[in-house]
Amino acid sequence: MMTRPMLPRFTAVSELFELVGVVDGKHITLYLDRFADNSPVKDATLELQLDGKAIPLETHADGEFEATLQDALNPGVVSVTATVVAGQDADLLAGELDLHELPHAAAAAVAAP
């Protein structure tokens, strides 16, 4: 059975919100939930920055956003900053995306038949 490696992801959390981002090459899917009950944030505005560069987002559903990058992210640690506005609530979330390849993952890929 062939298993696909887990896609890189990041989280950014505050007392109000939790943001999870999943990176697949040039494509990023973002999920924004309320921290208290893990429900998707309705009618939210989300602004995302990676290493200080604003990333345009498309809203797809309550609490779900997508972005397509011009270029794939370089290996290393990428700073993530997100500004969330939802009704009367506003917050700034920060986190990091670690895009270093794990040595055992590379070895497993070479060893696979």
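This is a predicted model: local features need pLDDT of at least 70, side-chain atom pairs count only at pLDDT 80 or more; totals for chains, interfaces and linings use all residues.
**Notebook: open sheet and nonpolar core**

I started with the sheet: 5 strands form an open one in the order 1-2-3-7-6, with antiparallel pairing. Strands here are DSSP E runs of at least two residues, numbered from the N terminus, and two of them pair if DSSP finds at least two bridges between them. Strand 1 and strand 6 (58-61) sit at the edges with a single partner strand each, so one side of each has no neighbour in the sheet.

Residues are numbered from 1 along each chain as its sequence is written, and side-chain values use heavy atoms, without hydrogens and water.

Next I looked up strands 1 and 2, which run antiparallel and are joined by 5 bridges. Alanine 12 stands opposite leucine 19 of strand 2.

I then checked valine 20, also in strand 2. Beyond four places in sequence, valine 20 touches (heavy atoms within 4.5 Å) Phe10, Thr11, Thr29, Leu30 and Tyr31.

Last, the largest nonpolar core: I found 25 residues, with Phe10, Leu19 and Ile28 among those with the most contacts inside it. Such a core is a set of buried (under 20%) Ala, Val, Leu, Ile, Met, Phe, Trp, Tyr and Cys residues joined through side-chain atoms within 4.5 Å. Strand 8 gives the largest share of this core, 5 residues.

Definitions and conventions: Buried means under 20% relative accessible area, exposed over 50%, partly exposed in between (1.4 Å probe, protein chains only). Helices (H or I, at least four residues) and strands (E, at least two) are DSSP runs, numbered from the N terminus.
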